[in-house]
Amino acid sequence: MIGPGAAKFITFEGGEGAGKTTQIRRLSAYLEALGQAVLQTREPGGSPGAECIRTLLVEGEPDRWDAETEALLHFAARRDHLVKTIVPALKAGTWVLCDRFADSTIAYQGYGHGVPLEGLEQLYALVREGRRPDLTFMLDLAVEAGLSRAGTRSADGVAPQEDRYERMGEAFHGRLRAGFLEIAASEPERCVVLDAARDEDTVFTEIMGIIEDRFLK
């Protein structure tokens, strides 16, 4: 059994409807059953200030912001999330499971909207408190399947008005998927790509095996 101070920062990434929230809940329950303290959080959001910014980002018309403004809003929310929530939890020995993090900004605003990647990396370096995730699960799913799943999420506690990104069109979401896969290929030690088209039990079994191999031996 791992002890306090060995808490890990694990992020879940992927396109709309990939099943990130479901897998975070399952992993949290698994770790808690092993006696670990776990915090489930999300981006944009995860702290009071960041949740206010979230509303600006996930609601309204798709063209509400230009790409650069959108990226700056995401990083402002991320900074508050890190300072107020993530870093204190890790210092206290609590595992942090985060539904989206910086890879989503690179994929959505970089690959999706065309903001230069070097600029996004500079913003990330400015706000990240010297921290990166210990492990990132990239849940990969075909665009049509993901958008179809995302259309039913309100039944799972997701506010129906939080659909701004879903309405950005299949071409945009195709660029996202390619971006996530390119990010994963560039950082294979941190990122693990999972086939999210499989049933959730199969996906979770793979996640659990990876967690055990990397952190629980």
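Predicted model: local features only at pLDDT ≥ 70, side-chain atom pairs only at ≥ 80, totals over all residues.
Me: What pattern do the helices and strands follow along the sequence?

Reply: The chain has eight helices and five strands, arranged along the sequence as β-α-β-α-α-β-α-α-β-α-α-β-α. These elements are DSSP runs numbered from the N terminus, with helices (H or I) needing at least four residues and strands (E) at least two. Of the contacts in the chain with a separation of 6 or more, 78% are between residues 24 or more positions apart, a contact being heavy atoms within 4.5 Å.

Me: Why is threonine 41 called buried?

Reply: Buried means under 20% relative accessible area, exposed means over 50%, and partly exposed lies in between (1.4 Å probe, protein chains only). Threonine 41, in strand 2 (residues 38-42), has 9% relative accessibility and therefore counts as buried. Across the chain, 48% of the 217 residues fall in the buried class.

Me: What makes the pairing of threonine 41 with histidine 81 a polar contact?

Reply: The two side chains approach to 2.7 Å, and the term covers a pair of N or O atoms within 3.5 Å, of which, within protein, one must be able to donate a hydrogen and the other to accept it, while residues adjacent in sequence count only if both atoms are side-chain atoms. Leaving aside neighbours within four places in sequence, threonine 41 is in contact with Gly46, His81, Thr85, Val96, Leu97, Cys98 and Asp99.

Me: Why is helix 4 described as largely enclosed?

Reply: Helix 4 (residues 102-112) has 11 residues and 10 of them are buried, so the helix is largely enclosed by the rest of the structure. The buried residues, including Ile106 and Tyr108, pack against strand 1 (9-14), helix 3 (67-91), helix 5 (117-127), strand 4 and helix 7. Just after helix 4, glycine 114 takes a positive phi of about 90 degrees.

Me: Which backbone values stand out at proline 44, arginine 100 and glutamate 129?

Reply: Most residues other than glycine have a negative phi, and most peptide bonds are trans. The bond from glutamate 43 to proline 44 is cis, with omega near -15 degrees, and proline 44 sits in the loop between strand 2 and helix 2 (48-58). Arginine 100, which is not a glycine, has a positive phi of about 80 degrees and lies in the loop between strand 3 (95-99) and helix 4. Glutamate 129 has a positive phi near 60 degrees and is found in the loop between helix 5 and strand 4.

Me: Why are arginine 100 and glutamate 129 put in their accessibility classes?

Reply: Arginine 100 has a relative accessible area of 11% and therefore counts as buried. Glutamate 129, at 40%, is therefore classed as partly exposed.

Me: What lines the largest cavity?

Reply: A cavity is, on a 1 Å grid over the protein atoms alone, a set of points where a 1.4 Å probe fits but cannot get out, and lining residues have an atom within 4 Å of a point. The search finds two cavities of 30 Å³ or more, and the largest has a volume of about 170 Å³, a volume being the space filled by probe spheres set on grid points joined across faces, edges and corners. Its lining has 17 residues, with Gly14, Gly15, Glu16, Leu141 and Arg177 closest to the centre, and helix 7 gives the largest share, five residues.

Me: Which residues line the second largest cavity?

Reply: The second largest cavity holds about 40 Å³ of space, and the lining consists of Phe101, Ala102, Asp103, Tyr124, Arg132, Pro133 and Arg190.

Definitions and conventions
Residues numbered from 1 in each chain as written. Heavy atoms only, no water. 1 Å grid on protein atoms, 1.4 Å probe; cavity = no way out; pocket = protein on both sides within 12 Å on 5 of 7 lines; lining within 4 Å.
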